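Dear colleague,

Here is the structure I promised to pass on to you, with my notes on it below. Please have it open while you read them.

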Amino acid sequence: MSLSTLNHLAAAGAGIGKPLSPAAPAAARSVRLLPKARLPGPVSAAAAATASARADPAEDRVSALSQVSGVLGSQWGDEGKGKLVDVLAPRFDVVARCQGGANAGHTIYNSEGTKFALHLVPSGILHEGTLCVVGNGAVIHVPGFFEEIDGLESNGVSCDGRILVSDRAHLLFDLHQVVDGLREAELENSFIGTTKRGIGPCYSSKVTRNGLRVCDLRNIDTFGDKLDVLFKDAASRFQGFEYSKNMLKQEVERYKRFAERLEPFIADTVHVLNESIQQKKKILVEGGQATMLDIDFGTYPFVTSSSPSAGGICTGLGIAPRVIGDLIGVVKAYTSRVGSGPFPTELFGEEGDRLRKAGMEFGTTTGRPRRCGWLDILALKYCCQINGFSSLNLTKLDVLSDLPEIKVGVSYNKTDGQKLQSFPGDLDTLEQVQVNYEVLPGWESDISSVRSYHELPQAARRYVERIEELVGVPVHYIGVGPGRDALIYKS
């Protein structure tokens, strides 16, 4: 696909685990407190389609976003990033995934209310004028990628000429998924709780420099030799991994067929994205997973294998830090996580079950029940520091509607009573912290039909504004339901 064709396509867009933890919760102290937002950054060069929308405050908010903006998770994933990307996408020419693979699960709905569960394809795909890019920092399971495209096409979503895959992205093979399961079995009771989609083993192949990239499919004569090295490495490492030359032959033949179908999607996306920036086109970056799962900044080793924080945008897309503008952190009105690892504000028993049921907290990718708890301000502040969020999208506020009171974890104490000044990197410390809570009154009324911030109950507004005060970042978007329109724009 030529760059001129890509430019034409983008220009057309101007119209726009582990079971629930049985451990007892850490001791917690509560303090009842009764209960500023910043203005958005300067207006950037907007896409042509925004010119007619100036009378709508919501559109003004979206139009004011910078040329290169990003939507990133600010907890342990599953915050609702896909919905915001879907809502913002019509005002952007390009939506790009910068890291992760099919371990991401982004649920979005079209205008008719049809549900789509996306895993690798960017959430801008429902908007015909938006070009979707899977960057070099992502890992590609080609059969799963085609399965996702076929599912979209069968539901009337055209993908032809609308998705580009980086030629530098690494290929994730079925063998990586087998290795993922074998490694988890080795860990026994201390397993990480991965999705078993092969993400970690694929990134391991990348780092040990014996991985295969998308561009290797263009050199099928040497593809088999490279894949043989990967198979032999897995067989030497894991006793349960079976390998034969016949397996290699079958896999090479399979990928010959994949290569032909994938070819129209392959592009030098570093060049495409930087050309788009020079041409003043708008790019929206969609993060997978979240900062608390970041390989460097998350609750290691209970993390993913990539960098879902702001730094991953540059390394995963090949764009310069200076071009990145607004970054929106997506955070639930409470907290959830899947799999193992510390979770200071986790709720157990009936309280946890109530949040899980109300929020339909089951993984998009795995179907696993998510662990649920109160909003953790110390963890959220930590994520805001790392990413430099210009604003927050507070999601699932409606899930808290039936609660008479709502707790917010505002600080941690060590076992000796000493207050922690920052989110600890040491898991032994984190697992033993005592959480100090503020208790705010609930609103005990249905807010799912509210579309204006001032129409929210006073207690709901107090909750939002208290979060802003504690974190120091304004909340610009508030989710009150799963649909596209269930979103409040806060000034």
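I begin with lysine 396, which at 23% relative accessibility counts as partly exposed, a class lying between buried (under 20% relative accessible area) and exposed (over 50%), as computed with a 1.4 Å probe on protein chains only. Lysine 396 has a positive phi of about 55 degrees although it is not a glycine, and its place is the loop between strand 16 (391–395) and strand 17 (405–413); helices (H or I, at least four residues) and strands (E, at least two) are DSSP runs, numbered from the N terminus.

Before the rest, please note that this is a predicted model, in which local features need pLDDT of at least 70 and side-chain atom pairs count only at pLDDT 80 or more, while totals for chains, interfaces and linings use all residues. Residues are numbered from 1 along each chain as its sequence is written, and side-chain values use heavy atoms, with hydrogens and water left out.

Aspartate 78 also has a positive phi, near 65 degrees, and is likewise a residue other than glycine. Aspartate 78 sits in the loop between strand 2 (68–73) and helix 3 (81–88) and is partly exposed, with a relative accessible area of 25%. As for the backbone elsewhere, the peptide bond from tyrosine 300 to proline 301 is cis, with omega near 10 degrees, and proline 301 is found in the loop between strand 11 (283–286) and helix 10 (311–317). As background, most residues other than glycine have a negative phi, and most peptide bonds are trans.

Turning to the helices, helix 5 (residues 174–187) and helix 7 (residues 220–237) pack at an angle of about 15 degrees with their axes 11 Å apart, and they are therefore roughly parallel to each other, a term that covers angles under 35 degrees. In their contact (heavy atoms within 4.5 Å), Leu175, His176, Val179 and Glu186 of helix 5 meet Leu227, Leu230, Phe231, Ala234 and Arg237 of helix 7.

Finally, on the cysteines, the structure holds 0 disulfides, a disulfide being a pair of cysteine sulfur atoms within 2.5 Å. Cysteine 383 is in no disulfide, and the nearest cysteine sulfur, that of cysteine 384, is 7.0 Å away. Cysteine 383 is buried, with a relative accessible area of 0%, and cysteine 202 is buried too, with a relative accessible area of 1%.

Key: Axes fitted to C-alpha atoms, helices over the stretch in contact; angles between N-to-C directions. Parallel < 35°, antiparallel > 145°, perpendicular 65-115°, else oblique.
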